[in-house]
Amino acid sequence: MKKIAIFASGSGSNAENIIRYFRDGERGAEVALVVCNKPDAGVISRSRALGVETAVLSRSQINDRELMLGLLGERGVDLIVLAGFLLMIPGFLIETYSDRIVNIHPSLLPKFGGKGMYGRHVHEAVVAARESETGITIHYVSEKCDEGRIIFQAVTAVSETDTAADVEAKVHALEWKHFPEVIAELL
Ligand code: GRF
């Protein structure tokens, strides 16, 4: 059985969706651990309610090589999935889990990526730029924010009357549909 660790900082709808997708064990993988850096994040109760071990760690703990490699190594983690995780990943994890850390970004990278481009900010920028389409990007994680090799993209139309909230809803729907399937293929 392959083991997935999800890192998340927010509401955790993607984390919950991925946990449920792999939950029956029939897909040969399971979510073994959720790591969260925000003690009040929704993802904590969502993942615990589904019986998944959930570690709430501070930024300095996440940057602690011995602690993190121990936590992930002891659980035999094969793939790290970032689903709305807002901290930079430390270099020792990128080295140790080379090509085994993936992120989802809620736009068509390289558009609307980089520092400060997360969550609602991305969708507000898409609406302000009068884009006719947006989407999701699943990519490997490198030392540079949002610049790792792209694995998968999916597109959705943006209409002239769409608000940032409308765009966010469309993008979330794409994320829920595709992210678990892409993870399953990678594994
Ligand atoms: C998603 O849109 C993801 O692409 C982004 O953060 C959001 C997380 O949403 N990086 P949720 O916490 O999974 O609901």
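Trainee: What volume does the largest pocket have?

Mentor: The volume is about 1000 Å³, taken as the space filled by probe spheres set on joined grid points. Of the 43 lining residues, the closest to the centre are Gly84, Phe85, Leu86, Tyr118 and Gly119. This is a predicted model: local features need pLDDT of at least 70, side-chain atom pairs need 80 or more, and totals for chains, interfaces and linings use all residues. Residues are numbered from 1 along each chain, and side-chain values use heavy atoms, without hydrogens or water.

Trainee: What makes this space a pocket?

Mentor: A pocket is an open set of points on a 1 Å grid over the protein atoms alone, where a 1.4 Å probe fits and protein lies on both sides within 12 Å along at least five of seven lines; lining residues have an atom within 4 Å of a point.

Trainee: Which molecule takes up the largest pocket?

Mentor: The ligand does. The test is that more than half of its atoms lie within 2 Å of the grid points.

Trainee: Which residues are around the ligand?

Mentor: They are Gly10, Ser11, Gly12, Ser13, Asn14, Gly84, Ile104, Pro106, His172 and Glu175. Each has a heavy atom within 4 Å of the ligand. By class, the shell has two nonpolar, seven polar and one charged residues, with Gly counted as polar.

Trainee: Which helix gives the largest share of the pocket lining?

Mentor: Helix 7, with four residues. Among the other elements supplying at least two are helix 6 (120–128) and strand 6 (133–140). By class, the lining has 17 nonpolar, 18 polar and eight charged residues.

Trainee: What makes the peptide bond from Leu109 to Pro110 cis?

Mentor: Omega is near 10 degrees. Pro110 is in the loop between strand 5 and helix 6. That loop also holds Phe112, with a positive phi near 60 degrees in a residue other than glycine.
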